Amino acid sequence: MTRTAELRHQALRQLEQFEVLMRNGHFDYGNGFHGRVYLNAHQLFRHPSTIWRLAQDLLEILPGDLLEKTEVVAGPVMGGALLAHTVAGLLDGRRALTHAPCSFAPFSSRGDHDFMLRAFYAREMAGRRVLLADDVRNTGKTFVRCAELVRRAGGTVLATVEICDRMEAIADAGVPNYSLAEYQAPENFPAAECPLCKAGEPITSF
């Protein structure tokens, strides 16, 4: 097993251990669909040491030239921003003291899965190379929106990274994507047609 494969396998085990990856439940996703699997990203940040360990492993699988070129790490609130902040700090810890420090920028939420970049952070993007980070990639639309904001501010998007990829992306930010763990979620069901509901299985609460 390669080092990258080992890190990915280990990450999946840890996501289950930390109850981030929850299988064999009956989850209402709040978007009109139900399913067996839920990725509870809030659990990633419950204990700071958890995200630090996973972020360190994420950096291990990223190409060296990508890490060298990155000048800003940015992510959407809340989980993506927390991961981006952690990655930016760990990245500086790997580089020579003569290397310019890495900046961090959060994308603020405007509701309904839309984001904005405040003027202060937009100025940080201009003419700089940006790594986009999020805790989980679902459809990929969040990365697309954030990439648009970076480019509008005059920055260059190098790549997108996340702790876990659900392998359901339908939108592409136009740059390479790297994930620490990959999990192909099973089929989701429209709430009105959910076989779990019809079988009388209660909604999983946590």
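Among contacts between residues at least 6 apart in sequence, 66% join residues at least 24 apart.

I note that this is a predicted model, in which local features need pLDDT of at least 70 and side-chain atom pairs count only at pLDDT 80 or more, while totals for chains, interfaces and linings use all residues. Residues are numbered from 1 along each chain as its sequence is written, and side-chain values use heavy atoms, with hydrogens and water left out.

**Whole chain.** I looked up burial next and found that 47% of the 206 residues are buried (under 20% relative accessible area, with exposed over 50% and partly exposed in between, using a 1.4 Å probe and protein chains only). Along its principal axes the C-alpha trace spans about 60 × 40 × 30 Å.

**Arg151.** I then turned to this residue, which sits in helix H6, residues 141-152 (helices are DSSP runs of H or I, at least four residues, and strands are runs of E, at least two, numbered from the N terminus). Arg151 is partly exposed, because its relative accessible area is 40%. Leaving aside residues up to four places away in sequence, I list Val157, Ala173 and Val175 as the residues that Arg151 touches. Finally, I checked Val161, which is 10 residues from Arg151 along the chain, and the C-alpha atoms of the two are separated by 17 Å.

How values were computed:
Contact = heavy atoms within 4.5 Å.
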